[in-house]
Amino acid sequence: MKALTYHKDTDEFVVTELEKPTPAKGEVLVKVVATGLNPVDAKINKWCVAARDMDDTWVPGLDVSGIIEEVGEGVTNWAVGDAVLYHGNMFRPHGGYAEYAVTDAQTLTKHPKVDPVIAAATPCAGWTAWRALVDKLNIADRNSLLVMGGSGGVGGFAIQIAKHFGTEKIFATCSDRNTDYVTSLGATHTIDYSWEDAMSIVFQNTNMQGAEAALDTVGDDNDITAADCLGFEGHLAEIVNTLRPAAYNNAFLKGLSFHQLSLGAAHRAGDKAKANLVKAGTAFSKLLEEGEITVPRLQEISLEKVGEALKGIRNQRTVGKIVLKL
């Protein structure tokens, strides 16, 4: 089969021919239709050391839309021909940048009734946004939210989820060139991170109370900015780095609460964690089917272009989503 492999010694992505993989017990073989590109795929050079068995046949690609080709031993709730969508295990080698991929049957979701390219753009970013806002921040009970990185994949979906739940004030940081885009997603206030003071804007537009919740999708010191923008007993969810409450001004006196989230860690945390992953994916896909969530900036590329695109994502030069279509 045709596949894109990662070579960790040279940090290169190479299109090559590989043998079609075989599913083990509890796994399924999926004929890939489309696969999303995400920062976690692009930054394989940062985490590849943790995948100790990685060699030059390793195929990345976590977000897969496809059709089940073969089921492994013990798989009873899925059948050949089923259309599925999933977020794969980053520490398993047979990812979605190939004609065929292998994944854990426990983490499959029924494919939503949308185009496969649209579906493949959603798991990593969309399900992360859902788990952060719904499972961690309880967004249905919040009147205000700050999203650090509103024009990115997770940030863009988070804005739409907050809008769906009726969040009154949705603040989002972005560059000036992406202001209209972020506003179109549902942000009520945009903040140009290059020169505007996020804390002043948030407090001035919340009767000096601060945001009830915040989500950092960027990293670096954006968690500090987000924490500074929170009001009394506000909640901060972090998806990039490890939270550091001691670095946040008055975190104790403000009674702040902190939430760490790593979507793909569910693959290594047991049945309950896998079930929560599937639950989030199913709920997100329902909104996608109903048109409550869209993927407005979607770029479709060929396998030969994936390596170059992943290198671009490392430099944070992308807005919206990029998807491989086979």
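**A buried aspartate and its surroundings**

Analyst: D192 is buried yet has no salt bridge, and the nearest side chain of opposite charge, R177, is 8.3 Å away. Buried means under 20% relative accessible area, exposed over 50%, and partly exposed in between (1.4 Å probe, protein chains only). A salt bridge is a side-chain nitrogen of Lys or Arg within 4 Å of a carboxyl oxygen of Asp or Glu. For charge, Lys and Arg count as positive and Asp and Glu as negative, while His and the chain ends are not counted. This is a predicted model, in which local features need pLDDT of at least 70 and side-chain atom pairs count only at pLDDT 80 or more, whereas totals for chains, interfaces and linings use all residues. Residues are numbered from 1 along each chain as its sequence is written, and side-chain values use heavy atoms, with hydrogens and water left out.

User: With which side chain does D192 make a polar contact?

Analyst: A polar contact is a pair of N or O atoms within 3.5 Å; within protein, one must be able to donate a hydrogen and the other to accept it, and residues adjacent in sequence count only if both atoms are side-chain atoms. Here the partner is the side chain of S194, at 2.6 Å. D192 itself belongs to strand β10 (residues 189-192). Helices (H or I, at least four residues) and strands (E, at least two) are DSSP runs, numbered from the N terminus. Beyond its neighbours within four places in sequence, D192 is in contact (heavy atoms within 4.5 Å) with C174, S175 and D176.

User: How many disulfides does the structure have?

Analyst: A disulfide is a pair of cysteine sulfur atoms within 2.5 Å. A search of the whole structure finds 0. For C174, the nearest cysteine sulfur is that of C229, 14 Å away, which is too far for a bond. C174 is buried at 2% relative accessible area, and C229 is buried at 0%.

User: Which residues does R244 pair with in salt bridges?

Analyst: Side chains of opposite charge can pair when their charged atoms come close. The structure holds 8 salt bridges. R244 forms one with D221, the closest N and O atoms being 2.7 Å apart. R244 lies in the loop between β12 (230-238) and β13 (257-260) and D221 in the loop between β11 (211-216) and α8 (222-229), so this pair ties together parts that are 23 residues apart in sequence. R244 also meets D223 in a salt bridge (2.8 Å, N to O). Salt bridges that share partners join D221, D223 and R244 into one network. Within it, D223 is buried at 3% relative accessibility, whereas D221 is partly exposed at 47%.

User: What separates D135 and R131 along helix α4?

Analyst: They are 4 residues apart in helix α4 (residues 123-136), which means a separation of about one helical turn.

User: Which residues touch the most other members of the largest nonpolar core?

Analyst: In soluble globular proteins, nonpolar side chains tend to be buried together. A nonpolar core is a set of buried Ala, Val, Leu, Ile, Met, Phe, Trp, Tyr and Cys residues joined through side-chain atoms within 4.5 Å. In the largest, of 44 residues, they are L133, L145, I159 and L215. Apart from this core lies another, of 29 residues, including M54 and I322.
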